[in-house]
Structure formats: C-alpha cells, structure tokens
Amino acid sequence: QDDLTAENEPDLLANEQTWPTEEELMEADERVKNMDANDRPVESFNSAPKKIIRRVPKGTSSYQAAWIVDSDHESDEDTEDEDDDGVDGDGVMDDDDLLRARKAQDSEEEYEDLEVESEGPNKNLEVYEDELDNEEEARQYAQYLARVKENRDDMEFPDEVEAPMDVSARVRFARYRALESFRTSPWDPYENLPLDYGRIFQFENFRRTKNRVMNQAHEDGVLPGTHINLYIANVPRSVMDTYCVSRPFIVFGLLQYEHKMGVINFVVTRNAEYEGVVKAKDPLVLHCGFRRFVVRPVFSQNTRNGKGTNNVHKSERFLQQGRSTVVSVYAPIQFGSLPVILTKDSEDVNSPIFVATGTLMDADPRRIVAKRIILTGHPFKVNKRSATIRFMFFNPDDVWYYKSVELRTKHGRTGHTKESLGTLVISRPNAAFTS
C-alpha cells in the first residue's frame, strides 16, 4: 500500500525572523475580548426560543403553523367599535345579525390555539429576502452589465488598459516587468510563490513518471475477468449495513501518487451553446474521470508551439469562444488522457449548465501564468521619424521611468521614448507600451 499522505506539511515559520512576545500576546487577547464584548448582541444566541400562541385551523401541525403570518389586528379593533353580539340600538337582534353570529360561532369551532416557537436569534442566522429593493436590484443589474462589457472589451482590445490619472503608473504597475518575449525572457519559476505551493507535490519529469506508473499498473494489475476476494480493513460495520443493502458498493483503485495534491492543467474548449460570461476564478464544477469537485480555475493561453525556454504563458481573464484554453486548479494528481467537463450549478440540481469540455494535460506546478498589460496612447502629431503621443502617461516621472522600455505599434514598428513634452514624444508613430 502506498503512503496515504495527500499534502505536505511545510514549516511556514522556519523563515520567520521575529516571534511575538508574551506582552504582545496578552495585548492581542485583551483586544479580542474587547471586540467580542462590543460586537456581542443584547440577546444571546444560546437563549431558548420563545413560545407564542397562534390561532390556526384544526389539524394544523406546529411546522405548518410557523409559516402562517400573523394578521393585523385592525379587524378586531373595528369589531370593538360595533355593538356587542351584533345587537342593534334597541337591544333586538334581526335575522341578518343572527345569521352572522351563527357563522362566526361555527368558524370559532373550526379553529384552535396552537403553541409554536418564535424565530429566536439562532433560528435563522442569515436572512434571505425573495424581493430586493430598487437600489439593490439596480446595483446588481449594473454589476451584470459591467461584467458583460468587460468581457466584450477583452475580446476587442485584449490586455489593453489605461494608466490612472490619480496614481502614478510606476506605482500602479509596480508588479509588472518589461518582457521582450514571453517565450525567451528569463523568469524564475520559484519566484513569489503562494503559501499553498508548500503543501503540494511536484515531479522532476511528469511524462517519465506517468509512463512508469502506467506501465507498472499494466504489469502488476489484475487481468479483466478475474474473480478476486477483496478485504477492506478499518471500515466500520455501519458502512456495510447502510450502503450495501439497497445499492451496490462501488470500489475503484488509484495509481501511484494519484491521491496526492498538485497543480493540474487541463486543455478545454468552451461550449458553443453557452452564452454566459465565464471569468477566471469563477466557481465551477470539475468532472474528471470518477472525481467531481468545485474549483476556482485560472485560465491561461494554450501555446501551440510548446512552452518555450521559460514556460511562461499569458493569463486569460475570460474563457472565450473559438479557442482552446488551459485551466489550472489545485486537485489530486491524475495520469492518462482523462476526459474533463466543466459545469455550473443551476436552479435545477439534476440539470447543471454545460460550460466546457477537454482533456487532462499534465501536473506541472512550474507553469508560470503571467498577466500582460498594454498601455496605449493617442497619436497627437506624426512626423517623418518621430511622433507625439498623448494619454499614455500623465506625469514626467512615469515617462522617464519607462524610457528604456521598447515601444511597439500595432503594425509592427518599434521605437523608444526620447523626451517628455507634457505629452510623450517617441521615435515611431502609433506606439503602445507593452509589459
């Protein structure tokens, strides 16, 4: 049996230089106590729910009575103003009043008083309203329109952004670097990795390991059609009594390393019939082989000519139509050309929304997914060997900061920044800054 460890246990505090003192820990505990005391509601969440008396038709259960909304007391107040027992001013009851009194008496016999629990503080911690107010509905609709517009702009003007006017460009884009080429520019794959990367497993050569594991499974595995006896250890008897009475007990095997966590990459193609917007890190349901789990994938460009010398691939903000995309997720390691299906949850649990389909590519955590931005400007004056560009930067410091970066036009011409004139002057027209 293989080792059942699924994740590494990294020592996250190994590189820490300082450790909080006892005084700091006591101050933090005191701060937390004060915050809890200020935020605690007047009525405790552990208090018992109150009992109320509700008038309901006979035969109504306590569960049904909890859903009956209390009616207003206006009708009771109106009846108090009238003469008692339907008697007129002379003290004589006419036929109509007698008929109404008998109907009221019969209706009283059809009702009963039932004791139900009120909705205490721990009855429903989250309140959901079916109807939204106008402001919330307008906000959600504006958010939806902005999401659709963002997807459309990404298709028409991929990676193009505008430099902000209130923030310096060198501050806003401090995490970006100027690359001459995505395929050949040097990049360290272990630079600025997230903390979760310390818990995953990686292979020195995934393809060689896959071939060895699959060949070993064919040689040492059980041939089809062979009758075997399977003994399962450390399983309670309740599992057999609960699941094996009315339905079959399904058993499946895993190859070596297939229970360990890693970064898995899939090549998928979007469903042509689905017209919704699929943005990176949106929750999706991934079906891979017999496994199914909810993921928030990261999209990247599927480089057809290989991964180059640095394994850097451009990040995709949306899953677009008509082209294949690489999806990267945290998932258990798997081998083989497994089919993959991406779906989204819908109102009907049995009818999920089909988003994309594809196949397993590899388990490579060294695949670098890099964001790319293009700062564009507007040609203000075009000369024979130079051009004046506006609206690319908004202060001279940014112009001199990015002076060494090569500029390109959409028609393939290149150039460099010469000087700042309040507007940007470069040696080629229609230039665009690329990082």
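Tutor: First the term. On a 1 Å grid over the protein atoms alone, a cavity is a set of points where a 1.4 Å probe fits but cannot get out, and lining residues have an atom within 4 Å of a point. Grid points are joined across faces, edges and corners, and a volume is the space filled by probe spheres set on the points. This is a predicted model: local features need pLDDT of at least 70, side-chain atom pairs count only at pLDDT 80 or more, and totals for chains, interfaces and linings use all residues. Residues are numbered from 1 along each chain as its sequence is written, and side-chain values use heavy atoms, with hydrogens and water left out.

Student: How many cavities of 30 Å³ or more does the structure hold?

Tutor: It holds 1. The largest cavity has about 30 Å³ of space.

Student: Which residues line the largest cavity?

Tutor: Ala163, Pro164, Val167, Ser168 and Ala169 do, together with Phe393, Phe394, Asn395 and Asp398. By class, the lining has 6 nonpolar residues, 2 polar and 1 charged. Here Ala, Val, Leu, Ile, Met, Phe, Trp, Tyr, Cys and Pro count as nonpolar, Asp, Glu, Lys and Arg as charged, and the others, Gly among them, as polar.

Student: Now strands. How do I read their pairing?

Tutor: Strands are DSSP runs of E, at least two residues, numbered from the N terminus. Two strands pair if DSSP finds at least two bridges between them. Strand E5 (residues 284–288) pairs with strand E10 (residues 339–344), antiparallel, over 4 bridges. There, Cys288 stands opposite Val340.

Student: How many bridges join E10 to strand E11?

Tutor: 6 bridges, again in the antiparallel sense, with E11 covering residues 353–362. Ile341 stands opposite Thr357 in E11.

Student: And salt bridges?

Tutor: A salt bridge is a side-chain nitrogen of Lys or Arg within 4 Å of a carboxyl oxygen of Asp or Glu. The structure holds 7. One of them joins Arg323 and Glu316 at 3.6 Å, N to O.

Student: Is Glu316 buried or exposed?

Tutor: Buried means under 20% relative accessible area, exposed over 50%, partly exposed in between (1.4 Å probe, protein chains only). Glu316 is buried, at 7%. Arg323 is partly exposed, at 39%.

Student: What about Arg408 and Glu406?

Tutor: Their side chains meet in a salt bridge at 3.3 Å, N to O. Arg408 is partly exposed at 38%, and Glu406 is partly exposed at 32%. Elsewhere, salt bridges that share partners join Glu7, Asp196 and Arg199 into one network.

Terms used
On a 1 Å grid over the protein atoms alone, a cavity is a set of points where a 1.4 Å probe fits but cannot get out, and a pocket is an open set with protein on both sides within 12 Å along at least five of seven lines; lining residues have an atom within 4 Å of a point.
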